[in-house]
Amino acid sequence: LKPIYIDPITFEQGTEEKMVRVLSLGCMFQFLVDLAWSFSASPSTSSLLALNAKLVVRPDQQEAWLHEIGLDQICTRRDEPGNLQFMVGQDTTDSNIFYLHEEFVNSQAFEAHTQTPHFARYKDFCDKHDVFEQEPELLFYQIMGESEELKEKRSVGTEPTFGLNVNLYPKPEIREAFLEVIQNNKQGTDTTEPLALQYTYGESTTKPNVFYFHEQYVGDNHGKQGFDAHAQTDHFAAWEDFVTTDPFVQPPEIGFYHICEPSSSTVVAAKE
């Protein structure tokens, strides 16, 4: 599988160089705050905001990092009414790669998240420790194809769950056809697949015609059964037919992972 890379930030001239600097481990979280403010200035602030992230954690830091991200996850879910979802997953083939998926009711809710004590604790941990093997990859997008009534937190499943994040780059001239087949795939997944928990997609906040996805499935083999069933449906077949038309400006990028919940010791610590 090809790795998931953050799309280039194009707010202003020189911002791409700034991104490299601020995404160094000591500055990554201030960049998130600055990014949230830039969203607040855009016309789409009422839209649901999502974040997909890919993190390569050093093996000697993995246990401590999982504890700290777990605390942030628990407190975010529990204490932030503007947060709809906070998911952590571990790559199916490389145990050092982790994925995050977060959803907020709008950009202001995300900005509020970056001002919380639990976020500050996580930031402090990452600032003081050499946690990551490479710069974290952060992808922000406005969720599409969902009702604006989606203002309640997504439920946290108890079954082993299989997740995936996908990046797609359709050609601008086939945008409408792309969105039609994607929405058909989503509708079929949401309404006819009992093992599908979630099919979320949206357009990058910084680059037109770049789309990000987050999906979850349950069943045998840590949820892989649900994904395999999804791949046998008519709506997925329609998607596969569309892919044969050479619709992309660059190949899709996919990451598969097992969703993991905080350990019992982290749950106890979050109550203290």
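Q61 is buried, with a relative accessible area of 15%. The cut-off for buried is under 20%. This residue belongs to a predicted model. Where does Q61 lie? It sits in the loop between strand 1 and helix 3. Which residues touch Q61, leaving aside its neighbours within four places in sequence? They are F125, H129, D130 and V131.

**The whole chain**

The chain has nine helices and eight strands. Of its 272 residues, 52% are buried. Residues 24 or more positions apart account for 78% of them. The chain exposes about 12700 Å². Carbon and sulfur atoms supply 52% of that area.

Strand 2 covers residues 83-91, and strand 3 covers residues 97-104. How many bridges join strand 2 to strand 3? There are seven, and the two strands run antiparallel. In this pairing, N83 stands opposite F104 in strand 3.

Helix 3 has 18 residues. From its first C-alpha to its last, the helix reaches 25 Å, close to the 26 Å expected at 1.5 Å a residue.

The buried residues of helix 3 include Q62, W65, E68, I69 and L71. D72, Q73, I74, C75, T76 and R77 are also among them. What covers these buried residues? The cover includes strand 1, strand 2 and strand 3. It also includes helix 4 (107-113), helix 5 (117-128) and helix 9 (264-271).

**Aromatic pairs**

The structure holds 17 aromatic pairs. One of them joins W65 and F98. Their ring centres are 5.0 Å apart and their planes stand at 50°, so the pair is tilted. The pair links distant parts of the chain: W65 is in helix 3, F98 is in strand 3, and 33 residues separate them. Both W65 and F98 are buried.

Why does the pair of Y201 and F213 count as stacked? The planes of these rings lie at 20°, and planes under 30 degrees apart count as stacked. The ring centres are 5.6 Å apart. Y201 lies in strand 6 and F213 in strand 7, so the pair ties together parts that are twelve residues apart in sequence. Y201 is buried, with a relative accessible area of 3%. F213 is buried as well, at 2%.

Ring pairs also form a cluster. Its members are F178, F211, W239, F242 and F248.

Most residues other than glycine have a negative phi. N209 has a positive value, near 65°. N221 has a positive phi too, about 60°. Where are they? N209 lies in the loop between strand 6 (196-204) and strand 7 (211-217). N221 is found in the loop between strand 7 and helix 7 (224-230). Is each one buried or exposed? The table gives the answer.

| Residue | Phi | Relative accessible area | State |
|---|---|---|---|
| N209 | near 65° | 14% | buried |
| N221 | about 60° | 62% | exposed |

Note on methods: Residues numbered from 1 in each chain as written. Predicted model: local features only at pLDDT ≥ 70, side-chain atom pairs only at ≥ 80, totals over all residues. Heavy atoms only, no water. Pairing = 2+ DSSP bridges. Helix = DSSP H or I, 4+ residues; strand = E, 2+ residues; numbered from the N terminus. Buried < 20%, exposed > 50% of the residue type's maximum accessible area, 1.4 Å probe, protein only. Contact = heavy atoms within 4.5 Å. Expected span 1.5 Å × (residues − 1). Areas by Shrake-Rupley, 256 points an atom, 1.4 Å probe, with all protein chains shown as cover. Phe/Tyr/Trp six-rings, centres within 6.5 Å; stacked < 30°, edge-to-face > 60°.
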